[in-house]
Amino acid sequence: TRIVNAQEYEEKRDALSQDWVEFLEMENIIPILIPNNLSNIPLFLKEINLDGIILSGGDNIGDDNERDNTEKQIIEFGISKKIPIFGVCRGMQVLNKFFKGKIVSSKNNDHVKKDHEIIISDKKISDFLNQDQIIVNSFHKNIIKFEDVGESLNPFAIHKSDDTVEGFTHKELPITGVMWHPERDQNFPLLKKLILNKILGQ
């Protein structure tokens, strides 16, 4: 969840777009939100017995240390238990940084509130989707270039116009990241098919 400051109240709150809850419940998946200020994150994650982990979007890395620390521990826990991890937008950027990659800010607004075409460069995924090009939404200013992709991460989705990396999978672990927001495009069956496969193997 992202951290927001409540207007007219001197307090921070964890928040998540309701799109995610609707998206998951439509597929009979029970969403469990993970607070950012837990004293023992690994114990919490162990007790709730997760099938998959989603690192949601919103805000930049470094905006709030609590969220950065929480997500780092979530990734470490997921890796140790071999739980599928799916990063969306910021979530993909967090995964890239975790595996020693870099994120840069785009010099233009080509990725801000603009649908665009991506090329699926991984044959396994293009065969799975039965399509090698799809249109996705875009709400990010930060981008990942090929030379900045983290260790052991394999790009599978490439922006058709500027060749930035829009999706990757880990070469060995059940980890996937995408820069678009599948929860906002619930009418796109291909995107739903991809996320469900990567999170739960459905």
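Seven of the nine residues of helix H4 are buried, so this helix is largely enclosed by the rest of the structure; buried here means under 20% relative accessible area, with exposed meaning over 50% and partly exposed in between (1.4 Å probe, protein chains only). The buried residues are Arg90, Gly91, Met92, Gln93, Val94, Leu95 and Asn96. Before going further, please keep in mind that this is a predicted model, in which local features need pLDDT of at least 70 and side-chain atom pairs count only at pLDDT 80 or more, while totals for chains, interfaces and linings use all residues. Residues are numbered from 1 along each chain as its sequence is written, and side-chain values use heavy atoms, with hydrogens and water left out.

Asparagine 96 belongs to H4 and is buried, with a relative accessible area of 0%. Apart from its neighbours within four places in sequence, asparagine 96 is in contact (heavy atoms within 4.5 Å) with Gly101, Lys102, Ile103, Ile144, Asp148, Val149, Gly150, Leu153 and Phe168. After H4 comes lysine 100, which has a positive phi, near 70 degrees.

Now for the sheet. Seven strands make up an open sheet with mixed pairing, in the order E3-E4-E11-E10-E9-E6-E7. Two strands count as paired if DSSP finds at least two bridges between them. Helices (H or I, at least four residues) and strands (E, at least two) are DSSP runs, numbered from the N terminus. At the edges are strand E3 (53-55) and strand E7 (133-136), each pairing on one side only. On average, neighbouring strands of this sheet are turned by 20 degrees against each other, direction ignored. Helix H4 (residues 90-98) packs on the sheet, where it touches E3, strand E4 (85-88), E9, strand E10 (165-170) and strand E11 (175-178); the direction of H4 makes about 115 degrees with that of E4. Axes are lines fitted to C-alpha atoms, for helices over the stretch in contact, and angles run from 0 to 180 degrees between N-to-C directions.

Strand E6 (residues 116-120) runs antiparallel to strand E9 (residues 153-159), joined by three bridges, and isoleucine 118 stands opposite histidine 159 in E9. E9 is in turn joined to E10 by five bridges, again antiparallel, with isoleucine 158 opposite valine 165 in E10. The hairpin of E9 and E10 has five residues between the strands, and there aspartate 163 takes a positive phi near 65 degrees. E10 itself is mostly covered, with six of its six residues buried. E10 also pairs with E11 in the antiparallel sense, over three bridges, and phenylalanine 168 stands opposite glycine 177 in E11. These two strands form a hairpin with four residues between them.

Stepping back to the chain, its secondary structure comes to six helices and 11 strands. Buried residues make up 46% of its 202 residues. Among contacts between residues at least 6 apart in sequence, 62% join residues at least 24 apart.

Finally, where is the largest pocket lined? Of its 25 lining residues, Pro31, Ile32, Gly52, Ile53 and Ile54 lie nearest its centre. The elements that give two or more residues to this lining are helix H1 (18-26), E3, helix H3 (65-81) and helix H6 (189-200). A pocket is an open set of points on a 1 Å grid over the protein atoms alone, where a 1.4 Å probe fits, with protein on both sides within 12 Å along at least five of seven lines; lining residues have an atom within 4 Å of a point.
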